[in-house]
Amino acid sequence: MTQRAPGVSITGLKAGHQPLIQDPARLEALLKALPVEPGCYLMRDAEDRILYIGKSKSLRSRVRSYFRDGPSDRPRINLMVRQVVEIEFIVTDSEAEALVLESNLIKNHQPHFNVLLKDDKKYPYLCITWSEDYPRIFITRQRRFRRASDRFYGPYVDVGLLRRTLAIVKRVFPLRQRPQPLHRDRTCLNYDIGRCPGVCQEKISAENYKIIIQKVAMVFQGRNDELLDLLQQQMIRYAERLDFEAAALARDQLKGLELLTSEQKVALPDSDISRDVIALASDDRVAAVQLFQVRAGKLVGRLGYTADAEAASPGAILQRVLEEHYSQVDPVEIPPEVLLQHPLPEQELLEAWLRQRRGRKVTLLNPQRQQKAELIEMVVRNASYELLRAQRNAEQQHLALEDLAQLLELEHPPRRIEGFDISHIQGSDAVASQVVFIDGLPAKQHYRKYKIQSSSIQSGHSDDFMAMAEIMRRRFRRWSQAKQGGADLNELRRRTKTTLQSDGLIDWPEVVMIDGGKGQLSAVMEALRELDLADELVVCSLAKQKEEIFTPGASDPLNTEPDQLGVVLLRRLRDEAHRFAVGFHRQQRGERMKRSRLSDIPGLGPKRVKDLLAHFRSIDAIQLATAEQLGGCPGMGSALAKQIYDFFHPTNEEETT
């Protein structure tokens with residue numbers, strides 16, 4: 001359970017395995033035990049999974065409202081309440097603490113019934129790795145924090161503008177241009193022409209390089225005017241000291257930034273106040289949210305989010321976006337004014353939290369007239385275009401699923417499709433992947449990796465048929481055991497769809513696709529017959545060479561067209577399974593190669609190998625390190641450091657004698 005924090009008290013109310021609504025006496029006793037203080041509450045099901053995380057200024061009143069007011073008009077809430085068997089609560093000193101704690105808990109646990117912002121690969125981020133001595137700056141579509149100090153800016157709707165901005169920034173400021181050095185012992189041409197300060201050879205100190213990165217960060221924080229003033233002052237100061245070379249550099253940076261700001265900004269009325277404007281457009285399923293960043297009357301950034309419209313009201317979705325966004329930005333990036341399309345459920349609480357983070361006044365407004373209302377309308381129009389795009393994509397996916405259902409003779413379009421692939425090099429480091437598409441889109445939270453365990457598959461001897469059969473046995477073993485135990489598979493499938501998972505079973509796929517031809521398909525069907533599930537699953541295979549689809553028992557492939565929507569969907573699934581398997585195989589192979597080189601050093605065990613790689617990041621860096629640098633690794637003694645150094649730098653015994 002969550003550890004105790006200063007000013008926070010935590011209590012867990014032990015529950016049985018029966019839903020609370022079926023045990024009125026226990027429910028009433030639990031509700032009476034809840035405090036009236038502010039805090040967060042966590043609702044769990046019979047499998048101890050967190051269903052929902054919420055906050056309130058009065059825990060007792062909020063939690064009681066779920067059970068006292070009768071069935072909700074929102075089916076998702078009714079479904080959640082029917083599964084709750086335990087409620088934990090965390091008491092905080094204030095409502096602002098409860099808001100921050102709730103945001104952190106939701107990000108850590110990703111509860112099924114909370115408003116979760118979807119991972120739309122269309123929206124990229126810009127990352128600055130502040131945790132490194134020489135921070136890197138790059139565009140990414142995967143928002144994964146390796147260190148708490150790393151910063152992500154975005155998500156940016158206009159990826160073209162983001163790339164142009166970064167390209168101009170790299171021309172204006174001397175930045176590290178390559179992820180890896182081009183030469184081991186000297187700088188490259190970028191250093192000679194002033195594009196790079198020579199990071200690879202440490203021509204610039206880490207402290208001075210971070211000062212440059214701080215200026216770059218101001219561009220993506222929307223603080224361009226502040227940065228221009230700073231560079232103007234620096235140029236004047238350098239000129240007064242007769243440091244004309246530094247003054248010329250500041251002048252060139254000013255010109256470059258002026259070019260950047262002229263390209264990326266759109267002038268808006270009322271230039272006195274900086275503000276954020278947030279609005280959404282939604283249908284019955286999806287909400288498209290847009291957040292416009294207006295600084296000094298100019299539009300400097302446009303961020304986009306998508307969420308499940310069924311999960312909450314429009315105001316609750318906007319609040320979740322604001323909590324997510326402002327919890328990640330630096331306090332200086334919070335504007336003094338935020339314009340809202342809809343009132344927020346806890347608007348005063350969010351306003352107090354933002355005021356506390358910024359250290360100055362922050363106002364949340366719901367404008368109804370004049371220029372501010374026109375700004376809201378402009379954001380709504382842009383959100384409507386994003387929603388229309390999402391609807392077109394959803395319609396395309398639905399048509400592809402219907403086409404696939406016709407190809408495989410299914411009664412209904414499949415909702416969950418699973419794809420499997422094998423990856424190895426002549427049997428070495430053999431692995432497999434399982435990818436999942438739900439409603440035609442990747443559901444990466446359900447992806448799985450497998451290490452092939454068969455002793456007959458090893459370096460120099462491969463057997464894709466045996467490997468694929470092994471994965472099928474491992475994937476569906478629990479379902480086979482449940483069926484042999486007399487369970488009704490149809491009932492289990494229904495339960496896994498309505499209660500997340502059931503009895504440790506992973507959701508049942510409507511279609512299973514194998515990457516391969518008739519041979520792989522035959523091996524898979526044999527394994528499923530051993531499990532007594534061959535008649536329960538719809539299985540097909542997609543051969544790489546001619547993109548042919550094979551089904552069990554048929555000697556010829558299905559009659560399809562290459563551009564047929566159902567075939568295109570299976571190809572996307574196959575390509576994703578291949579990508580995921582190859583990535584895992586490369587990871588395993590790289591770790592084995594690292595272990596094989598370092599494990600040859602006497603006295604160096606697995607833990608020390610791990611510590612060395614974590615400290616130096618690569619074997620090449622370990623090989624180039626001095627004995628003193630090796631001794632600086634945590635837990636590394638001088639004798640062992642000397643032994644490692646001697647291993648990579650053997651002396652010529654004939655010369656020493």
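A residue is termed buried when its relative accessible area is under 20%, exposed when the value is over 50%, and partly exposed in between (1.4 Å probe, protein chains only). The structure described here is a predicted model, in which local features need a pLDDT of at least 70 and side-chain atom pairs count only at pLDDT 80 or more, whereas totals for chains, interfaces and linings use all residues. Residues are numbered from 1 along each chain as its sequence is written, and side-chain values use heavy atoms, with hydrogens and water left out.

The protein has 21 helices and 20 strands; helices (H or I, at least four residues) and strands (E, at least two) are DSSP runs, numbered from the N terminus. Of its 657 residues, 48% count as buried. Contacts are defined by heavy atoms within 4.5 Å. Among contacts between residues at least 6 apart in sequence, 64% join residues at least 24 apart.

Three helices illustrate how buried positions are arranged. In helix α1 (residues 24-33), the buried residues are Leu-27, Leu-30 and Leu-31. Seen down the axis of α1, these residues fall within an arc of 100 degrees, so they line one face of the helix; the arc is that of the directions from the helix axis to the C-beta atoms. Ala-25 and Lys-32 are exposed on the other side of α1. The cover over the buried residues of α1 includes α2 (59-68) and β4 (86-91).

Helix α5 (residues 159-172) comprises 14 residues and reaches 20 Å from its first C-alpha to its last, close to the 20 Å expected at 1.5 Å a residue. The expected span of a helix is 1.5 Å times one less than its number of residues. Leu-162, Thr-165, Leu-166, Ile-168, Val-169 and Val-172 are buried in α5. They cover an arc of only 165 degrees around the axis, which puts them on the same side of α5.

Helix α11 (residues 347-358), with 12 residues, reaches 16 Å between its first and last C-alpha atoms, close to the expected 16 Å. Its buried residues are Gln-347, Leu-349, Leu-350, Glu-351, Trp-353, Leu-354 and Arg-358. Among the elements that cover them are β3 (50-56), α4 (95-109), α10 (314-328), β12 (337-340) and β13 (363-365). The helix is followed by Gly-359, whose phi is positive, near 80 degrees.

Positive phi values also occur in residues other than glycine, including Asp-439 and Asp-532. Asp-439, with a phi of about 55 degrees, is found in the loop between β15 (428-438) and β16 (441-442). At 32% relative accessibility, Asp-439 counts as partly exposed. For Asp-532, phi is near 60 degrees, and the residue is placed in the loop between α15 (518-530) and β19 (539-542). Asp-532 is likewise partly exposed, with a relative accessible area of 46%.

Gln-290 lies in strand β10 (residues 286-295) and counts as buried at 0% relative accessibility. Its C-alpha atom is separated by 5.8 Å from that of Ile-278, 12 residues away along the chain. When residues up to four places away in sequence are not counted, Gln-290 touches Tyr-123, Val-157, Val-277, Ile-278, Ala-279, Arg-302, Leu-303, Gly-304, Val-379, Asn-382, Ala-383 and Glu-386.

Ser-599 occupies the loop between α16 (565-598) and α17. This residue counts as partly exposed, at 46% relative accessibility. The C-alpha atoms of Ser-599 and Val-609 are separated by 7.6 Å, and the two residues are 10 apart along the chain.

Pockets were located on a 1 Å grid over the protein atoms alone, a pocket being an open set of points with protein on both sides within 12 Å along at least five of seven lines, where a 1.4 Å probe fits. The second largest pocket holds about 1800 Å³ of space. Its lining consists of 35 residues, of which Arg-176, Pro-181, Cys-200, Phe-616 and Ala-621 lie nearest its centre; lining residues have an atom within 4 Å of a point. The elements that give two or more residues to this lining are α6 (189-192), α17 (606-616) and α18 (619-624). The largest share, 3 residues, comes from α18.

Note on methods. Grid points are joined across faces, edges and corners, and a volume is the space filled by probe spheres set on the points.
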